[in-house]
Each structure stands twice: as structure tokens, then as C-alpha cells.
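Hello,

Here is the structure for your files. Please open it alongside this email.

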Amino acid sequence: MKTKETNEIDSAALEVLRSTGIDVLEAALVAKEALECGRGRVKRARECVRLGAEEMRKRERTVTFAKAVETALEDRKRKGLRARSIVDFRYLCKRMMKMNPGLAERRMRSVTSEDCRRYLETAFGGSAAQYRKARAILSGVFSSAIKHDWCDSNPVARVEVPEVVEKPIEPLTIEEVERLEAAAQLPEHRDMQLSLHLMLYCGIRPTEVSRIDPERDIDWQNQCVVVRPTTSKTGGGRVVPLRCGNIDALRHDIPRRWVQRWRALRKAAGWSKETAHPWRQDVCRHTFATYHAAHFRNFPALQLEMGHRDSSLLRTRYVYAGNSTEASALRYFRV
């Protein structure tokens, strides 16, 4: 039998529940669920409610993946990210969002490691190299989100990095080198002679060549090229010999619209999308490494000139025995 005091407590409890603005029965059910989470203990139930409220606030204090990508890109632009790297960043992120419908609007705090693995596999499963590159960019997006307090951890850290098996690359034949040099002798392509020499006989990457300033970076008297850290793809500087008997023939500026000029020179030498033998990316650099190793037989020197941290990549990828005969190397370096 209820006492007057019990009735007053019940009435007060009902008033408290009504003050929430929701149905009394629903409020009671919520209180019951909180007590069940707290295993029947009021203090523990309140702690469950507090922790749940904190988690809700965290979920609300986040942004969509698309917003996080743009912010991460802006952060990197302020740090001086190069134009080519910006293009790669945008392309890989857009491909991930295109190949994974719903990713663009996904909230950053809700993305799991398994989600990241699935996103990468769907967009880049066919290429281990692209998968690795996209994984690094995706990790950077989450690192930026952590800095902005949009998530607490980086789920990409638990996504395995696929192993890339490097394959030997066939260099240009001496005849193909001569075709390129002949095309560079044509009046319309003569301003590309220096660029071609830097790629073929110095092993400098095309993107690095396009950033070379001949007045600042080439020591004509000592016949060497300085690839500065701001010019280098990897951020490490190096000095490479010019190896040319007629230095005066190379005294050209690097032309404007360099990518288009380089494509036009290749086309004039017989390479284009229409040919059955398409151009191989960085093949001038691979050619330089192959004939350098065959002629000079000095891997430490080649490693320095290529700007590699060690010689492992040279031994597994750049050296192709099929065309690296001593006779070909002698013709290549004109010794």
C-alpha cells in the first residue's frame, strides 16, 4: 500500500519526465534502458549517458570525406605542394569517390579500416602501384582530419601496403636514340636539344628537366648540372655530369609549354598514340641507367647521379641485359 510520501515521489517523478517534453512512457523507457546499461546501478547508468553524449558530440563534430579532401589539399598547397602532385592528389581522390558511391558524403568519424580497404580495392585493385599511391594520399586526408579534430585516429594505418614487384625495363635502342637526336636537329625542335640531352645523358626526369633553369642550374665551365631539392621529384639534390663534347650546341633555354614541346619532339621521331610502338614513360632515364651501368660499371656513381637512396632499384629494374652490351654502351656515350 502506497503512503502519502510515496505518492508525492511518484508525482514528482512524473513531473520530471513530463518536463522533458516527450511522452512520459517514452521517457520512462529511456530511463529503463539507461539503467539496464548501468546494470541496475544509478551511478553507472549516468556514466553511460555521459559517455554516450560525448560520443554523439564527437560524431557531430566532423565533416564529409569530400570536405576533408579539399581541406587536406589546401593544407598541402600552403606547404608548397607542387602542381603535378596537386593534380595527382585530386585525380586519385576523385576516382575513389567516383568508384565508391556515397563516399563523398560519408562522415569522417564513421569510416573504418575495412571501409578504406574496400574503397582502395574498388578504385585501384588492378594496379599495385596506384593502390600504394592512393593509400598514401588517403592516409594524408585522415591525418589532416585528425589535426582539425574531425576524427580521432587514422584507419588507413591498419590497411596493408601491397608489395610492388619491380620488372626490368627495356631501354631505347641506339637506333631509337639516334631518331630522337635527329628530330631535335630539325629547326622546329632545336630548342629541345638541351632537354633531350639532360634526359638521355644525365638521367634527369622529364618533370625535373621542365624545372631546370640553365643560367642558375648548369655550370657550363665544369660541365655539370645541379638538380636542386626544389627541382627534384624526391626532394633530394644531386650533381650530374653533362658528358657532351660540344657544349655550345646545348646552350638553349628550357622552352615554354614544355610538356607539349616534348610530346611534339617524340612524335617527330616516330612515337605517338597511333603507332604500334608507344612511348614508355621515363624510358630516357632507364636508357641512361642501362648504358651507364654497362659502360662505367660503377653502381655507387650511378646511384648518386640517379638520386637513389640505395642501389637495389638499379639492380632489379633499370639494368636490362638484352641491350646493355659494351658495344652499344660505347656507341651511346660516343667513346
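Below is what I found, starting with the ground rules.

This is a predicted model, so to speak of local features pLDDT must be at least 70, and side-chain atom pairs count only at pLDDT 80 or more, while totals for chains, interfaces and linings use all residues. Residues are numbered from 1 along each chain as its sequence is written, and side-chain values use heavy atoms, with hydrogens and water left out.

**Overall**

The chain has 16 helices and three strands. These are DSSP runs, numbered from the N terminus (helices: H or I, at least four residues; strands: E, at least two). Of the 335 residues, 39% are buried. Buried means under 20% relative accessible area, exposed over 50%, and partly exposed in between (1.4 Å probe, protein chains only). Take the contacts between residues at least 6 apart in sequence: 64% of them join residues at least 24 apart. Contact means heavy atoms within 4.5 Å.

**Helices H4 and H7**

H4 covers residues 65–78 and H7 covers residues 128–147. Their axes come within 9 Å and cross at roughly 90°. The axes are lines fitted to C-alpha atoms over the stretch in contact, with angles from 0 to 180 degrees between N-to-C directions. The two helices are therefore roughly perpendicular (65 to 115 degrees; under 35 is roughly parallel, over 145 roughly antiparallel, the rest oblique). H4 brings Phe-65, Ala-68, Val-69, Thr-71, Ala-72, Asp-75 and Arg-76 to the contact. H7 brings Leu-138, Gly-140, Val-141, Ser-144 and Lys-147. By class, that is six nonpolar, three polar and three charged residues (nonpolar: Ala, Val, Leu, Ile, Met, Phe, Trp, Tyr, Cys and Pro; charged: Asp, Glu, Lys and Arg; polar: the others, Gly among them).

**Aromatic rings**

There are eight aromatic pairs. One of them is Tyr-332 with Phe-333, edge-to-face, at 5.0 Å centre to centre and 90° between the planes. Rings of Phe, Tyr and Trp (its six-membered ring) pair if their centres lie within 6.5 Å; planes under 30 degrees apart are stacked, over 60 edge-to-face, the rest tilted. Tyr-332 is buried at 2% relative accessibility, and Phe-333 is buried at 13%. Ring pairs also link Tyr-332 and Phe-333 with Tyr-201, Tyr-291 and Phe-296 in a cluster.

**Thr-231**

Thr-231 lies in the loop between strand E2 (224–227) and strand E3 (238–241). Thr-231 is buried, at 2% relative accessibility. Leaving out residues up to four places away in sequence, Thr-231 touches Arg-82, Glu-208, Arg-211, Ile-212, Arg-216 and Asp-217.

Best wishes
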